[in-house]
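Q: I have a chain on screen and want to go through it with you. Can we start with the surface and work inwards?

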Amino acid sequence: MHKIGISFLAMVMLFSVFITTVHADAVPGDVIVTLGEDLTADQKQTVLKDMGIENENDVEIVYVTNKEEHQYLGSYIPASQIGSRAISSARITLGQSDSGLAVETKNINYITEEMYINPLATAGVTDAQIYVTAPFSVSGTGALTGILKAYEVSTGEKIDEDVKQAANEEMVVTSELSKDENIGEDKALELMNLIKEEMAEKNPQTEAEIRDMIKRLAAELGINLTDAQLDQLVSLFNKLKGLNIDWDKVSDTINTAKNKVKEFAQTEEGQNMINSFITFIKSIWNSLISIFSK
């Protein structure tokens, strides 16, 4: 299990178009659940129990189909990676205004917490606690689709279809950068965040300006982008530029999530968990020294 408040790691995207129910009276604390449509009856109960939900009639449930996964991810991820079954699921709890996004995952092996948070912020999703889970290890793409679908249902706020597609693309581009051994996850996420900050501050107007901006920021982070990676980033942010995204709001949402990480690390619970982890690592190290000394 990974917590953004603990792991400092990272996280979309995107999601369904046709919303038949809206709840304009949604309030902080309201919970909505998304379930992969292909869960078996036993898996469904396992997932709900993992979410802390004893009675499925106590919450609203939105189902995500494999067709929807392919609809939003098919242009960016191989069909074989998306798979043929929608399994991953999520619990979304609406938060107080300006509380930011927090994400926790379990059994998700492709998307990290911040890789969910950043594109969700781009899509305008704010103030929610999200728990993504599955009955066994999966990529998490179905949950990504479901989170925005559930957010639209619970808040009544329709997310522009082009924004969903762009957020989807952002998640994939970030993931691909993070898997480059010369870049890594932390630098990939930092680069994406810096680009967003400059989009807010400098408001580049042309593709050439966006390209120069990305090249400069990458160089400042010591990242050597390939031509293909640079072209991917330029295409993504040139697309995002035309979607009337509130970049200041996006930056605020991401910074709020980062501040939560820092605040948690300074609490007694955070310090205890950090100290426990350090003690655990030391015990492994001492065991290794003992083995090799013999």
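Q: Which residues gather in a patch of negative charge on the surface?
A: D98, E201, D246, D248 and D252 do. Bear in mind that this is a predicted model.

Q: Where is D252 found?
A: D252 sits in helix α11, which covers residues 247–266.

Q: And D98, where is that one found?
A: In the loop between β4 (89–94) and β5 (101–105).

Q: Is D98 buried or exposed?
A: Exposed, because its relative accessible area is 66% and the exposed class begins over 50%.

Q: What is the phi of D98?
A: Positive, about 70 degrees, although D98 is not a glycine. As background, most residues other than glycine have a negative phi.

Q: Which other residue has a positive phi although it is not a glycine?
A: D127 is one, with a phi of about 55 degrees. D127 is in the loop between α5 (113–122) and β6 (128–133).

Q: Is D127 buried or exposed?
A: Buried, at 16% relative accessible area. The class follows because buried means under 20%.

Q: What share of the residues count as buried?
A: 50% of the 294 residues in the protein chain.

Q: Now salt bridges. How many does a search of the whole structure find?
A: The search finds 12. In general terms, side chains of opposite charge can pair when their charged atoms come close.

Q: Which residue forms a salt bridge with K164?
A: E152 does, and the closest N and O atoms are 3.2 Å apart. K164 lies in helix α7 and E152 in helix α6 (residues 141–155), so this pair ties together parts that are 12 residues apart in sequence.

Q: Are those two buried or exposed?
A: K164 is buried, with a relative accessible area of 0%. E152 is buried as well, at 1%.

Q: What about E198, which residue is its salt-bridge partner?
A: K202, with the closest N and O atoms 3.6 Å apart. Both lie in helix α8 (residues 184–202), four residues apart, which is about one turn of the helix.

Q: Buried or exposed, for E198 and K202?
A: One of each: E198 is buried at 11% relative accessible area, whereas K202 is exposed at 52%.

Q: And R216, which side chain does it meet in a salt bridge?
A: That of E220, at 3.5 Å from N to O. R216 and E220 are four residues apart in helix α9 (residues 207–220), so about one helical turn separates them.

Q: How exposed are R216 and E220?
A: R216 counts as partly exposed, at 34% relative accessibility. E220 is exposed, with a relative accessible area of 55%.

Q: Which residues do salt bridges that share partners join into one network?
A: E152, K158, E161 and K164.

Q: Staying with helix α7, where is V172?
A: V172 is found in that helix, which runs over residues 161–178. V172 counts as buried, at 2% relative accessibility.

Q: How far apart are the C-alpha atoms of V172 and Y76?
A: They are separated by 6.6 Å, while the two residues are 96 residues apart along the chain.

Q: Last topic, aromatics. How many aromatic pairs does the count come to?
A: One. The rings are those of F237 and W247, with centres 6.2 Å apart and planes at 35 degrees, so the pair is tilted.

Q: Which parts of the chain does the pair link?
A: Distant ones: F237 is in helix α10 (residues 227–241) and W247 in helix α11, 10 residues apart.

Q: Are F237 and W247 buried or exposed?
A: F237 is buried, with a relative accessible area of 0%. W247 counts as buried too, at 8% relative accessibility.

Key. Residues numbered from 1 in each chain as written. Predicted model: local features only at pLDDT ≥ 70, side-chain atom pairs only at ≥ 80, totals over all residues. Heavy atoms only, no water. Phe/Tyr/Trp six-rings, centres within 6.5 Å; stacked < 30°, edge-to-face > 60°. Helix = DSSP H or I, 4+ residues; strand = E, 2+ residues; numbered from the N terminus. Buried < 20%, exposed > 50% of the residue type's maximum accessible area, 1.4 Å probe, protein only. Patch = residues over 30% accessible without salt bridge, like charges linked within 9 Å, V, L, I, M, F, W, Y side chains within 5 Å. Areas by Shrake-Rupley, 256 points an atom, 1.4 Å probe, with all protein chains shown as cover. Salt bridge = Lys/Arg side-chain N within 4 Å of Asp/Glu carboxyl O. Lys, Arg positive; Asp, Glu negative; His and termini not counted. Charge placed at Lys NZ, Arg CZ, Asp CG, Glu CD.
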